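I opened my notebook beside the model today and went through it piece by piece. Here is what I looked up, in the order I got to it.

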Amino acid sequence: MSERLLVLVRHGQSEWNLKNLFTGWKDPGLTELGVKEAIGAGRKLKEQGLTFDVAFTSVLTRAQTTLDLALKEMGQTGIPITRNLALNERDYGDLSGLNKDDARAKWGEEQVLIWRRSYDVPPPGGESLKDTLARTLPYYVQEILPCVLRGQRTLVAAHGNSLRALIMVLEKLTPDQILKRELGTGAPVVYRLNPDSTVASVKDLAG
């Protein structure tokens with residue numbers, strides 16, 4: 001039985017990250033720095049001697065491009081890739097496309113902070129982190145986890161909040177703890193799982 005390897009990587013910096021805009025399901029591309037971060041993620045994984053059998057990503061360009069650049073850097077562009085909106089970023093609803101400073105001016109700093117950092121309070125027309133978990137976790141359990149448990153080395157390139165939903169379950173974090181969990185752009189997190197799907201080891205390749 002080969003190892004039960006699961007690697008999560010957040011997409012590189014997007015054009016809207018740079019402009020301080022709420023992005024959500026909007027679809028900007030990567031910045032020049034984001035491209036470098038994606039290639040850097042591939043380099044870090046290659047340095048660890050890791051190879052992959054399957055990959056998963058969202059339907060958004062910034063995650064797909066990050067995955068493609070990382071795999072190209074590793075010389076592994078031929079593996080099967082599954083794209084699904086279950087792995088999309090949290091939907092910020094009416095905040096999508098707004099500058100974060102403008103949103104604070106409109107709704108007040110405290111209200112915007114609640115929307116950004118609470119577990120279960122969604123912005124108008126959007127999703128809370130709890131809502132994001134509710135769509136991401138079933139997809140993980142039904143589609144991604146079986147690959148890992150079969151011994152298929154699995155790479156997931158997605159978004160800060162959809163990955164937080166998975167990390168919350170993998171690392172058994174509380175709602176308060178997951179809100180404080182930082183996830184760097186282009187920084188792979190390497191998990192090795194036990195046969196019962198719990199985490200045997202975790203290694204953050206940030207920096």
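This is a predicted model: local features need pLDDT of at least 70, side-chain atom pairs count only at pLDDT 80 or more; totals for chains, interfaces and linings use all residues.

Is R150 buried or exposed? R150 counts as exposed, because its relative accessibility is 53%; the terms are buried under 20% relative accessible area, exposed over 50% and partly exposed in between, with a 1.4 Å probe and protein chains only. I found R150 in the loop between helix 6 and strand 4. I also looked up its distance to P195, 45 residues apart from R150 along the chain: their C-alpha atoms are separated by 9.3 Å.

Residues are numbered from 1 along each chain as its sequence is written, and side-chain values use heavy atoms, with hydrogens and water left out. Helices (H or I, at least four residues) and strands (E, at least two) are DSSP runs, numbered from the N terminus.

**Strand 4**

I went to strand 4 (residues 154-158) next. Five of its five residues are buried, so strand 4 is largely enclosed by the rest of the structure. T154, V156 and A158 point one way, and L155 and A157 the other way.

Which strands pair with strand 4? Strand 1 (residues 5-10) runs parallel to strand 4 and is joined to it by five bridges, and I noted A158 as the bridge partner of R10. Strand 2 (residues 54-57) also pairs with strand 4 in the parallel sense, over four bridges, with V54 opposite T154. Pairing here asks for at least two DSSP bridges between two strands.

**The cores**

I then looked up the nonpolar cores, meaning sets of buried Ala, Val, Leu, Ile, Met, Phe, Trp, Tyr and Cys residues joined through side-chain atoms within 4.5 Å. The largest has 30 residues, and L6, L8, F56, Y140, I144, V156 and Y191 touch the most other members. Helix 6 (129-149) is among the elements that each supply at least two residues, and the largest share, eight residues, comes from helix 6. Leaving aside neighbours within four places in sequence, the contacts of L8 (heavy atoms within 4.5 Å) include V156, L163, L166 and Y191. A second, separate core of 16 residues includes A41, L67, A157 and V190.

Helix 7 (160-170) is mostly covered, with 10 of its 11 residues buried. Just after helix 7, K172 takes a positive phi of about 55°. K172 is exposed, with a relative accessible area of 62%, in the loop between helix 7 and helix 8. N20 has a positive phi too, near 65°. N20 is in the loop between helix 1 (15-18) and helix 2 (32-47), and is partly exposed at 29%.

**Helices 4 and 5**

Last entry. Helix 4 (residues 100-107) and helix 5 (residues 109-117) pack at about 120°, with their axes 7 Å apart. That makes helix 4 oblique to helix 5. The contact is made by K100, A103, R104 and W107 of helix 4 and E109, Q111, V112, W115 and R116 of helix 5.

Key. Axes are lines fitted to C-alpha atoms, for helices over the stretch in contact, and angles run from 0 to 180 degrees between N-to-C directions. Angles under 35 degrees count as roughly parallel, over 145 as roughly antiparallel, 65 to 115 as roughly perpendicular and the rest as oblique.
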